[in-house]
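Hi everyone, thanks for coming. Let me put the structure up on the screen, and then we can walk through a few of its features together.

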Amino acid sequence: PPSTCLIVDPAGLPFIQELGPSLAAGAAGAIYSFLGIREHEAFPDDVRAHVTDVGRARWHPYKVALEGVELTRHCCHVVGPNFAEMY
């Protein structure tokens with residue numbers, strides 16, 4: 001995707017606050033690989049500070065080097081409701 005694209009990460013709150021991107025799997029793991037944070041133990045401080053509950057979100061730019069060129073990849077981390085717990 002071009003650098004003008006924004007990836008929306010439907011994150012789980014435990015991953016944002018405690019577990020970090022390195023323990024994510026599936027689609028989230030693929031997103032974090034794309035952002036260059038797959039091996040990080042924690043999300044950036046500003047993301048953890050703002051994404052503290054369901055419905056909270058935070059945009060963050062990630063710098064990624066690709067073939068010697070630095071790119072910025074944009075992501076909005078957001079925690080949605082767990083519908084399984086609602087019914």
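Which residues make a nonpolar surface patch of about 300 Å²? Before I answer, please keep in mind that this is a predicted model. The patch is made by L6, V8 and W59. If you'd like to find V8, look in strand β1, which covers residues 6-10.

Now let's turn to charges. In general, side chains of opposite charge can pair when their charged atoms come close. How many salt bridges does the structure hold? There are 2.

Let's take the pair of D45 and R48, where the closest N and O atoms are 3.0 Å apart. Both residues sit in helix α3, residues 45-50, and because they are 3 residues apart there, about one helical turn separates them. And are they buried or exposed? D45 counts as exposed, since its relative accessibility is 57% and the cut-off for exposed is over 50%. R48, at 26%, counts as partly exposed.

The other pair is D46 with R58, and here the closest N and O atoms are 3.2 Å apart.

Terms used: Residues numbered from 1 in each chain as written. Predicted model: local features only at pLDDT ≥ 70, side-chain atom pairs only at ≥ 80, totals over all residues. Heavy atoms only, no water. Patch = residues over 30% accessible without salt bridge, like charges linked within 9 Å, V, L, I, M, F, W, Y side chains within 5 Å. Areas by Shrake-Rupley, 256 points an atom, 1.4 Å probe, with all protein chains shown as cover. Salt bridge = Lys/Arg side-chain N within 4 Å of Asp/Glu carboxyl O. Helix = DSSP H or I, 4+ residues; strand = E, 2+ residues; numbered from the N terminus. Buried < 20%, exposed > 50% of the residue type's maximum accessible area, 1.4 Å probe, protein only.
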